[in-house]
Amino acid sequence: MVTNLFKMILSAPNFRIFISFIILFLPSPIFAQTPENTSPFHFDGNLELTASYQERPSVSKRLGKNFTERFLLSATLSDGQHFTMPMQMMLTSEPTSYPAPPADVEEYLMDPANLISIRPKYKWFEVSLGSQIPQKSSLALGSRPFFGTGITLNPGKFIFSYAGGISQRASTQFADPTQVIPRAAYARKTRRLSFGYGKLNFSHLHFNLTKSLDDTTLVDKPKVEICDSIEKTDNTIHEDCRSIELLPKHELVLSIDYRLNINHRYYIKGEITGTAYSADSHASKVGLKWLRPIFVTNVATMRGFANELTFGKKGKFWDMSLQYDRINGGFKTMNQPYVSAATDHVKVNNNFNAFQNKLVLNNTFGIQFRNLSNKNQRNSNIFSTINLTASVTNSLSLNATFSNYYSRAKHIIDIDTNSISTDNMVNLGSFTFSPSYILYNSKHFHYFSTIFSLDITGADYINLTINTNTEETTSRTNSNTTSQSKGLTVLYRLKKLKKPISIELMANSFYFISFGLNEQAERKLYTTRVSVTYKHPSKQSAITGRIGANYVEHNRQSNVIAIRKIIGTLVIHQNLSEKLKAKVYSSIRVQNRHNPQFPQRIAVAYTF
């Protein structure tokens with residue numbers, strides 16, 4: 001529906017004509033309030049057109065060019081009272097979300113690398129056209145964008161919304177033309193319905209329904225090739241590949257989203273979700289026939305349940321929340337593919353502030369564990385984060401962050417008279433400290449900043465075999481891996497208050513070392529950069545020049561690889577008028593004294 005509307009406008013041969021028309025049309029005074037034009041409508045916003053050039057062999061081979069154009073538009077048409085129509089548009093000549101160029105304009109518009117959104121609204125009636133990102137429900141609706149149409153009715157505290165479109169376009173193109181592994185996919189259609197009472201951030205009760213299915217009419221049995229690396233006796237690697245046909249999927253998700261605010265300080269919110277997910281839409285049908293107009297259950301259908309509950313408190317100096325999530329083993333959705341099934345999750349958040357927000361402390365602690373009925377498989381994760389920000393004086397500020405993540409997975413397998421136990425433990429710790437200091441007088445402004453980071457990772461893998469009759473250990477294998485990284489960044493800025501020149505100096509060092517079973521690896525990185533900016537006294541133009549050098553050294557099993565890179569950049573800002581601005585970016589990159597690259601970019605922005 002919507003794609004046919006845009007096809008006439010954004011057909012491939014007319015893309016540049018369409019962009020040129022918008023650039024010429026927006027500055028016109030059609031919607032402006034002038035003595036000659038008393039239209040009640042106001043049309044304001046900004047647009048930007050960018051053209052880039054960079055020699056990238058992989059992109060050039062895929063798209064046949066090194067040029068990239070990007071068009072950005074953000075505007076609002078309004079009568080100042082009841083009617084508004086915000087418009088957002090981001091179009092690029094290099095879609096990046098899929099491995100190959102779109103086959104037609106419809107696929108081009110649906111590519112998530114592009115964004116086209118028009119949302120006319122009159123009082124409590126709103127229509128959504130183009131790209132949409134639902135944010136009404138975390139479990140049922142998710143946050144996966146789709147391209148289509150939607151309608152929202154919100155009279156008072158009542159709300160009704162419906163949206164439908166394509167959340168995944170069909171694709172049979174290869175992920176890499178030099179490889180044999182294709183990235184194939186069915187076109188995925190999604191319908192979402194929500195209705196209830198109350199605003200999202202206030203007390204409310206909403207009912208949500210999501211239905212998604214793979215369209216098998218656009219792609220004929222797409223296949224993917226899975227390759228396994230097999231080491232032969234002569235220490236050579238052989239790729240064993242097999243073709244697997246993708247199965248179309250469909251799902252139905254129902255949820256109740258609620259929130260209760262108490263005395264403007266305490267609140268209870270949560271979501272109860274049930275899912276019916278089928279991994280193969282072509283499987284034999286089973287279940288109630290009267291339900292088939294809404295959802296068809298078959299032998300491949302899994303039913304799942306998830307519950308999310310949060311107790312919270314808001315205060316002047318202290319905010320806290322306690323969250324509990326439970327997801328059973330059958331929970332799976334097409335729009336939330338990364339949700340871990342069969343898990344219980346408890347998380348506590350605390351936010352403290354004192355001395356008029358000069359001291360801010362944030363803390364998060366959580367634990368996650370599997371709720372499987374099989375006690376021989378136990379997984380648990382514990383994580384915590386502490387962040388402290390302090391403004392000691394008007395010139396000195398400090399920031400410190402500590403985080404830790406611990407994971408343990410234990411599995412027991414009984415095979416005849418032997419019990420095989422695997423115990424895997426991973427612990428990650430991270431610490432960052434960053435002080436900054438400002439020194440200024442009537443002539444100069446000095447800014448000093450330092451960032452120190454330390455990361456330590458330890459992993460233990462234990463395989464233990466025990467004879468169940470004699471309870472004697474017959475074999476034991478231990479594997480330990482440890483890695484450590486350190487980083488230090490120093491930044492200094494100098495600005496002469498009565499002069500148009502500012503200088504910035506930056507130096508960075510990074511060191512990484514990893515110890516494994518009979519293996520050691522090291523990585524060193526050093527970076528320096530000098531920037532000088534000159535602003536014309538009339539503030540109509542500015543020039544910034546940067547020069548930097550990188551040195552990277554890899555040491556693996558006494559095999560040292562060094563990479564040296566020099567980068568020079570010149571950036572010119574020019575205000576052509578009060579509303580029209582231009583920016584030119586020119587750079588040169590040289591690696592190991594050969595293969596220089598010259599990325600270039602020019603951007604023109606207009607505010608209306």
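This is a predicted model: local features need pLDDT of at least 70, side-chain atom pairs count only at pLDDT 80 or more; totals for chains, interfaces and linings use all residues.

Reader: Why is Val-571 called buried?

Author: Buried means under 20% relative accessible area. Val-571 comes in at 5%, so it counts as buried.

Reader: Where does Val-571 lie, and what does it touch?

Author: You'll find Val-571 in strand β27, residues 559-575. Leaving out residues up to four places away in sequence, Val-571 touches Ala-542, Ile-543, Thr-544, Arg-546, Lys-583, Val-584 and Tyr-585. Take Lys-583: it sits 12 residues from Val-571 in sequence, and their C-alpha atoms are 7.2 Å apart.

Reader: And what makes Leu-322 partly exposed?

Author: The cut-offs again: under 20% is buried, over 50% is exposed, and partly exposed is in between. Leu-322 has 38%, so it is partly exposed.

Reader: What is Leu-322 in contact with, beyond its neighbours within four places in sequence?

Author: Leu-309, Thr-310, Phe-311, Val-346, Lys-347 and Val-348. Leu-322 itself is in strand β16, residues 318-327. Its C-alpha is 5.5 Å from that of Thr-310, 12 residues away along the chain.

Reader: Okay, now the core. Which residues have the most contacts inside the largest nonpolar core?

Author: Phe-43, Leu-73, Ala-75, Met-89, Leu-109 and Phe-608, in a core of 20 residues. The elements giving two or more residues to this core are β1 (42-53), β2 (67-78), β3 (83-92) and α4 (105-110).

Reader: Which element gives the most?

Author: That's β3, with 5 residues.

Definitions and conventions
Residues are numbered from 1 along each chain as its sequence is written. Side-chain values use heavy atoms; hydrogens and water are left out. A nonpolar core is a set of buried Ala, Val, Leu, Ile, Met, Phe, Trp, Tyr and Cys residues joined through side-chain atoms within 4.5 Å. Buried means under 20% relative accessible area, exposed over 50%, partly exposed in between (1.4 Å probe, protein chains only). Helices (H or I, at least four residues) and strands (E, at least two) are DSSP runs, numbered from the N terminus. Contact means heavy atoms within 4.5 Å.
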